[in-house]
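Colleague: Could you take me through this model, with the cut-offs behind each term?

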Amino acid sequence: MLVEALIRPARPGDSEAIAALMREGVSEPVRRITILGSPYLPRFIADELARNKNDDYVVCTVRERVVGMCGWRHTDAALHLNHLYLAPSVRGQGLGTVLMLDGLRRIRRPSQDILSVDVFSGTPRAQAWYRSLHLRLETRTRWIELPLPLTQPDHGHGYTVSGLDEAAVKHLRYGFSQFTLTTNLATYRVGRLGQDLFRVCTFSILDDPVALQGLTHLDPERRLVCSVSEGDSLTLSSHDRSCLAESERLVSSCMSVREHLESSLSRRQYMRQTIPIRFEVVP
């Protein structure tokens, strides 16, 4: 049995340990298509914690070692569980329940009625746990990788790019960045991951040849990753796509999930299946 655990707000000095938990908690393909694969992830987390804007990070420590973390993102109506990771040595001892319950009790804003979480396939234990809390499937997403088209003659572009200078500074610091590409059809937020990938969160860019040519002109060595709904991804030819990962968006009411967590924690405490936990009081 572990000694007492402490749950407290994360500090910039926790960033290395937080990044290690996040990387260990996902597969290599997921690291490749998300910011979790960046070697500068701890620097990004430390800056996020110092800015203290729209995300809340919480850690669980044992003997001052970070063994668990969660990250919460706020929207007007929903509280999104952005991250929840535990070290293998402390899994199954109720810490995930306590971390999640702490967020719903202390971090949730009065206007937030919905809880959402994204979980990648290939993590059956996590998927089963979230579903046991009566979180239901809202959408299923596939992460598709495609080659960019061959470069065509450039006749006045037909697209504009903004935010590239700022993105270059951020990319140098974090290893990832984002800029905006606009055509006569749409405006796209385009992410850059490392030296290999562009990433967009819309399927429609595949029907916009000017946008695709724009990306090719910017960096012909990169490939494109689209996160698209399962139905849309099925329309792509199997010859020009590669499914890298799948994820599910699960949702429920905050109160419903809180009730299930409190019931689960009570059973664990009755059966003495939890470790002693204390909370750092936040003014």
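Predicted model: local features only at pLDDT ≥ 70, side-chain atom pairs only at ≥ 80, totals over all residues.

Modeller: Residues are numbered from 1 along each chain as its sequence is written, and side-chain values use heavy atoms, with hydrogens and water left out.

Colleague: How many disulfides does the count come to?

Modeller: A disulfide is taken here as a pair of cysteine sulfur atoms within 2.5 Å. The sulfur of Cys 60 is too far for a bond, because the closest cysteine sulfur, in Cys 70, is 9.6 Å away. Cys 254 is likewise in no disulfide, the nearest cysteine sulfur, that of Cys 70, being 14 Å away. By this rule the count of disulfides is 0.

Colleague: Is Cys 254 buried or exposed?

Modeller: Buried means under 20% relative accessible area and exposed over 50%, with partly exposed in between, for a 1.4 Å probe and protein chains only. The relative accessible area of Cys 254 is 2%, so this residue is buried.

Colleague: Which residues of helix α1 are buried, and how are they arranged around the axis?

Modeller: Helices (H or I, at least four residues) and strands (E, at least two) are DSSP runs, numbered from the N terminus. In α1, residues 15–24, the buried residues are Ser 15, Ile 18, Ala 19, Leu 21 and Met 22. Seen down the axis of α1, they fall within an arc of 160 degrees (taken from the directions from the helix axis to the C-beta atoms), so the buried residues line one face of the helix.

Colleague: Which exposed residues does the face of α1 turned away from its buried side carry?

Modeller: The buried residues of α1 are covered by elements including α3, β2, β3 and β4. On the face turned away from that buried side, the exposed residues are Glu 16 and Glu 24.

Colleague: In β12, what is the bridge partner of Ser 116?

Modeller: Ser 116 lies in strand β5, which spans residues 114–120 and has 5 of its 7 residues buried. Strands pair if DSSP finds at least two bridges between them, and 7 bridges join β5 to β12 in the antiparallel sense. The bridge partner of Ser 116 in β12 is Val 251.

Colleague: With which side chain does the side chain of Ser 116 make a polar contact?

Modeller: A polar contact is a pair of N or O atoms within 3.5 Å; within protein, one must be able to donate a hydrogen and the other to accept it, and residues adjacent in sequence count only if both atoms are side-chain atoms. At 2.7 Å, the partner of the Ser 116 side chain is the side chain of His 80.

Terms used:
Contact = heavy atoms within 4.5 Å.
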